[in-house]
Amino acid sequence: MAQGSARSGSRLVFGVQVRSPHIFSQRLREWVAIESDSVQPVPRLRQELFRMMALAAEELRGLGASVSLVGSGSQQLPDGQTLPIPPIILAELGDEPEKPTVCFYGHLDVQPAAQANGWLTDPYTLTEVDGKLYGRGATDNKGPVLAWMNAVGTFRALEEDLPVNIKFILEGMEEAGSVALKELVAREKDGFFSSVDCIVISDNLWVSQRRPALIYGTRGNSYFMVEVRCRDQDFHSGTFGGILHEPMADLVALLGSLTDSSGRILIPGIYDHVAPVTEEERDMYSAIELDLEEYRNSSQVKTFLFDTKEEILMHLWRYPSLSIHGIEGAFDEPGTKTVIPGRVTGKFSIRLVPHMNLSVVEKQVKQHLQYIFAQRNSSNQMAVSMVLGLHPWIANIKDPQYLAAERAIKTVFGTEPDMIRDGSTIPIAKTFQDIIQKSVVMLPLGAVDDGEHSQNEKINRRNYIEGSKLVAAFFLEMVQLQEVAGTSP
């Protein structure tokens, strides 16, 4: 099979289809069975994480990769407990200077899951129903990680040289904030990453159930806590109700001042640095495939705030949004309890978009809440803090790596991809872009209804198998683009 030819790419794709779908599913079953939950700080689960990293390292070595398990030390928890951090995998296949070098980032940890919490099946037993593979981590992110390994394995099975050099960086703490990853990336900038041409992340979803997508931007996130305190003890509402400024009433007023009924953020100046929409951008949103009725039904939402596809997508991806997440210290259990909380803490976050500055947003939020609180003439104390600040990320879709991915999608799926953003935050993309200063491509494999982080998470068999082919086709397209660039005057 000649490297880079369209015909050889088709043979490879059909080779994947004929040879290995059962093996691919079996590998995913073995991976899903490991309860690699990084969120709950439990020694047993940390042992599972170490087992997961060891299994992935063994799989990579079986593909012929040189593998390093880089120790990351330990994690000190607020309760004084210390837990070991699972190692980060750095793996390499090929070191030929004339070939492009692609680096894939993925994670092998998962969110907590239990069948008692609403799963229809055991979340750690991969179960196929109507072409859907259910299990925790199936789409986030074990399935996509395996799709990359499947692509490499297919070239090996067909006794073909890999058309590109491939590097893997796999972590086990993404769901817990990617502990120790940023430091490793900075340390390896001139080592492991020195020869990398681009970094690819497959940790997102399409916006459709059928049409593939490429993602070129994510929102950032600033997470705030606002505490209102009268005293540390709660009050009896019969004894104190009506004679004091209740912290809960103050807090509800503060939280209620953040947005209006249409979802618009009411903090003065918050939209000042949001980039205006260009005509080219409007055309891209119009071309995206989104069935609003299907989207409403799958989301189980009766009515969205906006009526058109373009308005909905823009407010998901390219405008900031503010969400209220909860109140700490309030009575939230079943039954009745006539208590006035003495101290309550509201939690909310703002999803940020390009050109918004974290420190400016922090200042705007604090000034707004201080103004609202002052208007209430309350004797309580208020404190506001930003506890998390993550930058938005955006890529240049004219980078050759995006063109290679677009062509690969057309080869495997027979359609142009949706060019989309993601409303969530993937901090590692910005980290790679800023520290390594190489192009980052987001090549999602999962469908919009995969339910990452939710009950009954799944990946469609079609997405998993065709996704493995897509990765292989992407390798070939990277070579073609390099050959074209090499012959250009």
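The expected span of a helix is 1.5 Å times one less than its number of residues. Keep that rule in mind as we walk through this structure, which is a predicted model.

Let's start with helix α12, which runs over residues 400-413. Its 14 residues reach 20 Å from the first C-alpha to the last, close to the expected 20 Å. Now look at which of its side chains are hidden. Gln401, Tyr402, Ala404, Ala405, Ala408, Ile409, Val412 and Phe413 are the buried residues of α12. Viewed down the helix axis, these buried residues fall within an arc of 155°, so they line one face of α12. Just after the helix you will find Gly414, whose phi is positive, at about 70°.

The buried residues here are Leu358, Val361, Gln364, Val365, His368, Leu369, Ile372 and Phe373. They cover an arc of only 155° around the axis, which puts them on the same side of α11. What does the face of α11 turned away from its buried side carry? There you can find the exposed residues Lys363 and Tyr371.

Next, let's see how helices meet.

Another pair to find is helix α2, residues 21-32, with helix α4, residues 142-157. Their axes also come within 10 Å, crossing at roughly 140°. An angle over 145 degrees would count as roughly antiparallel, but α2 and α4 are oblique to each other. As α2 passes α4, the crossing is right-handed.

Finally, turn to the cysteines. A disulfide is a covalent bond between the sulfur atoms of two cysteines. How many disulfides are there in this model? The count comes to zero, taking a disulfide to be a pair of cysteine sulfur atoms within 2.5 Å. Cys103 shows how this works: the nearest cysteine sulfur, that of Cys198, is 8.6 Å away, and Cys103 is in no disulfide. Is Cys103 buried or exposed? With a relative accessible area of 0%, Cys103 is buried. Cys230, on the other hand, has 31% relative accessibility and so counts as partly exposed.

Key
Residues are numbered from 1 along each chain as its sequence is written. This is a predicted model: local features need pLDDT of at least 70, side-chain atom pairs count only at pLDDT 80 or more; totals for chains, interfaces and linings use all residues. Side-chain values use heavy atoms; hydrogens and water are left out. Buried means under 20% relative accessible area, exposed over 50%, partly exposed in between (1.4 Å probe, protein chains only). Helices (H or I, at least four residues) and strands (E, at least two) are DSSP runs, numbered from the N terminus. The arc is that of the directions from the helix axis to the C-beta atoms. Axes are lines fitted to C-alpha atoms, for helices over the stretch in contact, and angles run from 0 to 180 degrees between N-to-C directions. Angles under 35 degrees count as roughly parallel, over 145 as roughly antiparallel, 65 to 115 as roughly perpendicular and the rest as oblique. A crossing is left-handed if the near helix is turned anticlockwise from the far one by less than a right angle, and right-handed if clockwise.
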